[in-house]
Amino acid sequence: MSEIDENGDTKGSMWDLGQKLDQPMDEEAGRLKNMYREKKFSALLLLRLAFQSLGVVYGDLGTSPLYVFYNTFPHGISDTEDVIGALSLIIYSLTLIPLLKYVFLVCRANDNGQGGTFALYSLLCRHAKVNTIPNQHRTDEELTTYSRSIFPENSFAAKTKRWLEAHASRKNMLLLLVLVGTCMVIGDGILTPAISVLSASGGIKVDHPKMSNDVVVIVAVVILVGLFSMQHYGTDKVGWLFAPIVLLWFLLIGGIGIFNIFKHDRNVLRAFSPIHIFRYFRRGGRSNWNSLGGIMLSITGTEALFADLAHFPVSAIQLAFTTLVFPCLLLAYSGQAAYLMKNKEHVGDAFYRSIPDSMYWPMFIVATLAAIVASQATISATFSIIKQALALGCFPRVKVVHTSKKFLGQIYIPDINWILMVLCIAVTAGFQNQSQIGNAYGTAVVIVMLATTFLMTLIMLLVWRCHWILVLIFTVFSLLVELTYFSAVLLKVDQGGWVPLVIAAAFLLVMYVWHYGTVKRYEFEMHSKVSMAWILGLGPSLGLVRVPGIGLVYTELASGVPHIFSHLITNLPAIHSVVIFVCVKYLPVYTVPEDERFLIKRIGPKSFHMFRCVARYGYKDLHKKDDEFEKKLFDNLFLFVRLESMMEGSSDSDEYSLYGQQTYQSRSFLSGDNAKSTPSNVDLTISSVDSIVPVTSMSSGHASSQAEVDETLFLTSCRDAGVVHILGNTVVRARRNSGIPKNIAIDYIYAFLRKICRENSAIFNVPHESLLNVGQIFYV
């Protein structure tokens, strides 16, 4: 008999046999859902969390007053009315983008507290089949953290979902959009420290006008080297200082703003009328349109605000912004504008010039500290987003170090840290002025915002299921503002705006080629996996000598026998007494609870002693250097054997019920001319044991108990004999008839990245004395 699958392909009886013998783990993943919801916080706790969020979330946005007016008027102010127009643009930019769009809308699209472009992408992957690596299975949807919505078949959301899933090109375009946004966030991680620290250091020249600009640059470079050199210590020990520093910074700039408004010109408050925006553009024409690139710097740090959500509730973020950050920023910009109305020649260093003389040095120190905190926030956001990209197969394997035992999100990536430092110093020393760095910074920020707008459009349709009219209103208004800024930024590409484009292009090439190679390798492994019928046809010994010990065969396949196993047993005359296929799989969720991490099942008859283990992780989880991984694996294996034995004696019937699902206790299969009977291919959940209440007769219970003891002793003796980790050391090559782009991507770029990235053995923390590499060449 043949069988036709959902794609219309005809499958033979051997395929049908393989499916029966090695089925997906439906029952292993069956469990009641207990959705994670945002907790209710007391008023006092909410205030404390809002205070703590200042140091993590708002540092970058808060230091923008250091350089906005200088970048808006790099050639000086010709008419003081332009100051009112620029201030009006700043006020409404802060209101529309950070306040309305991000704080009250985009932040609600977090993935259980995780923000950034990859968090949005993960949400979309759970609501539509847009993941380009097809390793997801319906059992993954049973996770308590795998929240998703189901919508009516004829709804607009369902039509959008089908449209996205219809063609691979649309999935690739979505991934490309996410990668572009990610690369621009990495660009922020380079440009924010450069412009923040250089602007803060520039305050020295106000007190010492004759000082050379080279001295300011050297001071900034020294601070940057110190900042990046301290990253490996993490922020856990000094993080408690960040919030008080940023709080003091906001209070000082707000207070000085009030002082300047009353001292110099109260009429600047008329900038709250949007009519001055129209007059500003009518009066200045193209030159004032170009100044939008500088005005846009007032909202830089907004994307970092979303990327750095961490574990702060949205309500705490909203409270901190509306009660402190937003009012203080408006007062700071209004105060500087009031000062410039009377001192327009001081636009080059308006921030420090507007400070009362008695407050100059305290403000210089606080400004430098605030710039360091702002830089730390973007560096941490860069580490976090690269970790997410790494987990979803979009970045080469790099070393990730946890710097805190209390906070999972605090990580340090040495390779990326030094790359950021070199590029940051190159930008600072190469440009030596805020204007060109500001142009580069603006380009990166506006592209990230555009990427977020497009992703939010899909989130509102597929996740929130908003009416299409509301989605259209959001998209049109967001694009109207952001494309306006984008048009101004494009005019400054030759004045420094090319920097983030070059940086992003380099990272995009690396990330896309790595992902492309990963997908091709996975597809090859899927198509070349070994038939279970062939394995079982070899007999219990697999046609080899079974030596004492346990072999852990690592594979990316969650079902089927990987090609490296057949390659291994074809070339070696022996294999271990127990073989466990281990698949470490990342899912589009932020975390997988510990008790739901491992799925264990048996492959084939008991006499084969073959098992499969799927270890599932979220993009915030870390299995690297997990010394407990092997111990947890065996604990779950022994628990599986015990539950399997309990279920075999649970009833005299041929089937049993587990969590409302039924599986057969025995199945038949055909191998060659002989019909054999295989014992239970039992699918068991290895947690929530209390929910299983078997009905067992004395005799069957005694037999199953004895079988359990025998197998447990056998597994224990094999583990004591030694555990060998078998990893595939594959070389990927492009086929001879491939085109030039594919040859370059696979044979040169991907091969180079594989050579310099971390080995699998280091990732899985495998001791060298227990490692067996199986070499292969894949032609894709």
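Is the crossing of H5 and H21 left-handed or right-handed? The crossing of H5 and H21 is left-handed. Left-handed here means that the near helix is turned anticlockwise from the far one by less than a right angle; clockwise would be right-handed.

## About the model

This is a predicted model, in which local features need pLDDT of at least 70 and side-chain atom pairs count only at pLDDT 80 or more, while totals for chains, interfaces and linings use all residues. Residues are numbered from 1 along each chain as its sequence is written, and side-chain values use heavy atoms, with hydrogens and water left out.

Helix H5 covers residues 81–103. Helices are DSSP runs (H or I, at least four residues), numbered from the N terminus. The 23 residues of H5 should span 33 Å at 1.5 Å a residue, and its end C-alpha atoms are 31 Å apart, which agrees. The expected span is 1.5 Å times one less than the number of residues. In H5, 19 of the 23 residues are buried (under 20% relative accessible area, with a 1.4 Å probe and protein chains only).

H21 spans residues 468–490. H5 and H21 pack at about 135 degrees, with axes 12 Å apart. Axes are lines fitted to C-alpha atoms over the stretch in contact, and angles run from 0 to 180 degrees between N-to-C directions. The two helices are therefore oblique. Angles under 35 degrees count as roughly parallel, over 145 as roughly antiparallel, 65 to 115 as roughly perpendicular, and the rest as oblique.

Leu89, Ser93, Leu96, Ile97 and Lys101 of H5 meet Phe474, Ser478, Val481, Glu482 and Tyr485 of H21. Contact means heavy atoms within 4.5 Å. By class, this contact has 6 nonpolar, 2 polar and 2 charged residues. Ala, Val, Leu, Ile, Met, Phe, Trp, Tyr, Cys and Pro count as nonpolar, Asp, Glu, Lys and Arg as charged, and the others, Gly among them, as polar.

## H10 against H19

H10 (residues 213–229) and H19 (residues 414–431) cross at roughly 170 degrees, and their axes come within 10 Å. That makes H10 roughly antiparallel to H19. Their contact divides into 12 nonpolar, 3 polar and no charged residues.

## Ile190

Ile190 sits in helix H8 (residues 168–201). At 0% relative accessibility, Ile190 is buried. Leaving aside neighbours within four places in sequence, Ile190 touches Leu420, Leu423, Cys424, Val427 and Ile503.

Definitions and conventions:
Buried < 20%, exposed > 50% of the residue type's maximum accessible area, 1.4 Å probe, protein only.
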